[in-house]
Amino acid sequence: CLHCTSKNKKALIYITYEQVILENKEGLFDGLPYLIYVSREKRPQYNHNYKAGAMNVLTRVSGLMSNAPFMLNVDCDMIVNNPKIVLHALCILMDSQKGKEVAFVQCFQQFIDGIKDDPFGNQMVTAFEYIIQGIGGLQGPFYVGTNTFHRRNTIYGLYPHEIETIIKGKSEENILIQQFGSSKEFIKSAAHVVGGNGYSANDITPSNFIEAATQVANCEYECGTFWGKQLGWLYGSISEDVPTGLNIHRKGWRSECCTPDPIAFTGCAPGGLLSTMIQQKRWASGLTVVFFGKHSPLMAMLFGKIQFRTCLSYFWPTIWGLRGAFLVCYVAVIAYCMIANTSIFPQGLGLWIAISLFVIYNIHTLLEHLTIGLSITNWWNNQRMCVMRTTTACFIGFLSAMLKLSGISDTVFEITEKEHTTSDADGNNADAGRFTFDESPVFVVGTTILLVHLAGMVIKLLGLQPSDSGNGSGIGEFICSTYLIVCYFPYLKGLFGRGKYGIPLTTICMSSVFALVFVQLCRSNIMS
């Protein structure tokens with residue numbers, strides 16, 4: 001562990017660079033591979049673009065070091081579980097038949113420290129098992145931001161089979177400078193990739209590498225270039241993985257799943273309710289920006305090479321935030337019907353059609369969980385968390401994205417804590433799976449929804465509704481409101497909990513005011 005002041009921090013980093021490069025320039029074929037730690041420059045007046053900016057810096061530095069044709073992207077909380085995963089991925093990328101059409105190979109996330117029965121619904125086992133592997137039969141799976149083997153010329157913005165065209169006409173140096181930046185050493189390595197030449201390691205000296213690496217990691221380097229726009233990881237969304245993968249598919253590239261046995265990578269899932277909600281809010285905000293932006297799936301289908309069914313599959317993640325807005329409106333309408341004694345469901349046979357669809361959907365999802373060895377408790381935890389996170393985290397993420405798109409406020413990147421769960425001497429963790437709360441706005445929304453529906457149930461059961469005009473609330477509204485309260489049962493326990501297991505008094509007071517205003521508006525509308 002190195003402790004240094006800001007004054008000599010760069011000097012220490014430079015020494016580390018030089019030592020590692022020298023160790024690998026002695027002609028030892030059995031020596032260690034290149035290994036450095038990159039600390040990129042940041043300044044307040046320059047947008048560092050979060051993870052996407054970091055990935056682009058790493059791409060440029062690796063282009064100077066080895067300029068290898070393939071790159072592995074792994075998050076810091078991921079662990080390599082299968083030592084042969086590189087061979088598995090290269091077999092796909094270097095396949096003589098269709099390997100040249102594959103832009104990246106995606107290995108799925110699986111968690112080593114997941115709490116039993118997934119109480120927070122964040123392990124996404126069924127999503128990877130059914131949805132994303134199913135999408136692999138189209139143009140390939142989504143890029144999920146980690147556990148991915150990339151083809152370098154794809155990251156450099158090339159289209160499939162474009163190399164043959166570029167070889168015929170020599171790439172002008174000024175065009176490469178406009179696209180890739182002003183570093184002469186990096187332009188040489190980029191021209192080598194863009195020109196379609198076979199792989200050969202750069203012969204850059206350690207001293208020149210330090211200078212060139214410092215230049216390409218500079219916060220000003222990307223200004224006026226194509227980085228983040230047409231090259232590398234795309235900017236504009238805090239969920240950089242989906243627009244980047246979508247842009248690759250838009251150019252006609254394919255991707256492939258890689259699911260070896262044993263699994264390729266394992267990692268850490270968020271260990272609590274708050275960290276789960278922060279992660280879901282960030283995803284919903286970034287994906288909503290993608291849906292309404294220039295990199296939307298619809299634009300990629302109309303003006304790119306995204307297939308129709310692939311476009312529909314990309315709608316699944318990109319409408320998470322929009323789904324939250326619609327579901328909150330639906331929840332509010334149900335509560336209004338309970339308070340105002342009106343109905344949105346049909347009477348008689350029409351009501352049973354809606355109930356049948358609800359039952360069929362739940363049976364279908366239950367069978368999906370049971371088929372892959374998950375328990376009924378796991379299924380229920382995912383069902384209730386789907387309702388809770390959609391009406392809270394996804395809804396707030398949607399509002400945050402709307403503020404960003406309207407230019408009122410920019411989104412804030414919140415880091416998700418993925419600490420390992422701690423256990424006592426008997427291997428038990430008393431806090432594992434328990435819901436904890438704080439004063440986050442996410443819990444204000446959830447508590448308000450719960451209080452509104454509790455008020456609606458009390459009004460209905462005590463007969464405080466206005467007189468029935470022939471279209472009063474019936475069994476359909478009652479079932480929906482009851483189901484929502486059951487899903488929000490952890491919040492109901494939190495109203496009476498203590499310490500971190502109880503909802504803070506300030507949150508309860510704010511939610512009570514919002515709920516009271518909503519009930520009063522519903523009743524005043526009845527009076528008018």
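**Chat on a predicted model**

Me: What is the relative accessible area of Lys51?
Reply: Lys51 has 22%, so it is partly exposed. The cut-offs are under 20% for buried, over 50% for exposed and partly exposed in between, with a 1.4 Å probe and protein chains only.

Me: What sort of model is this, and how is it numbered?
Reply: It is a predicted model, where local features need pLDDT of at least 70, side-chain atom pairs count only at pLDDT 80 or more, and totals for chains, interfaces and linings use all residues. Residues are numbered from 1 along each chain as its sequence is written, and side-chain values use heavy atoms, leaving out hydrogens and water.

Me: Back to Lys51. Where is it?
Reply: In helix α2, which covers residues 50-65. Helices (H or I, at least four residues) and strands (E, at least two) are DSSP runs, numbered from the N terminus.

Me: What does Lys51 touch?
Reply: Asp75, Gly145 and Glu240, not counting residues up to four places away in sequence. Contact means heavy atoms within 4.5 Å.

Me: Which residues does UniProt list as "binding site"?
Reply: The unreviewed UniProt entry lists Lys51 and Asp75. They are spread over 25 residues of sequence but cluster in space, with a largest C-alpha distance of 10.1 Å. UniProt positions follow the numbering used here, feature names are shortened, and annotations may be inferred rather than shown by experiment.

Me: And where does Asp75 sit?
Reply: In the loop between β1 (70-73) and β2 (78-80). Asp75 is partly exposed, with a relative accessible area of 23%. Leaving aside neighbours within four places in sequence, Asp75 is in contact with Lys51, Gly145 and Thr146. Gly145 is also touched by Lys51.

Me: What about the backbone at Tyr50?
Reply: Tyr50 has a positive phi of about 55°, although it is not a glycine. Tyr50 is in helix α2. At 28% relative accessibility, Tyr50 counts as partly exposed.

Me: Which other residue has a positive phi?
Reply: Asn341, with phi near 60°, is a residue other than glycine. Asn341 is in the loop between α14 and α15 (349-371). At 10% relative accessibility, Asn341 counts as buried.

Me: Where is there a cis peptide bond?
Reply: Between Asp261 and Pro262, with omega about 5°. Pro262 lies in the loop between β5 (254-257) and β6 (265-267).

Me: Switching to helix packing. How do α14 and α19 pack?
Reply: Helix α14 (residues 320-340) and helix α19 (residues 475-487) pack at about 125°, with axes 10 Å apart. That makes α14 oblique to α19. Angles under 35 degrees count as roughly parallel, over 145 as roughly antiparallel, 65 to 115 as roughly perpendicular, and the rest as oblique. Axes are lines fitted to C-alpha atoms, for helices over the stretch in contact, and angles run from 0 to 180 degrees between N-to-C directions.

Me: Which residues meet there?
Reply: From α14, Tyr330, Val331, Ile334, Cys337 and Met338. From α19, Glu477, Phe478, Cys480, Ser481 and Leu484.

Me: Where are the "transmembrane region" spans?
Reply: The unreviewed UniProt entry puts them at residues 351-374, 386-403, 442-462, 474-491 and 503-522. Residues 386-403 are 94% helix and 0% strand, with end C-alpha atoms 24 Å apart. Residues 503-522 are 90% helix and 0% strand, with end C-alpha atoms 26 Å apart.

Me: Val442: buried or exposed?
Reply: Buried, at 3% relative accessibility. Val442 is in helix α18 (residues 441-461). Beyond four places in sequence, Val442 is in contact with Met277, Lys281, Thr392, Ala393, Ile396 and Tyr491. Val442 and Phe395 are 47 residues apart in sequence and 8.9 Å apart in space, C-alpha to C-alpha.

Me: And Thr507: buried or exposed?
Reply: Buried, at 1% relative accessibility. Thr507 is in helix α21 (residues 505-527). Leaving aside neighbours within four places in sequence, Thr507 is in contact with Asp438, Glu439, Phe443, Val444 and Thr447.

Me: Last one. What is the span of α11?
Reply: The end C-alpha atoms of α11 (residues 273-292) are 29 Å apart. At 1.5 Å a residue, its 20 residues should span 28 Å, which agrees. The expected span is 1.5 Å times one less than the number of residues. Helix α11 is mostly covered, with 17 of its 20 residues buried.
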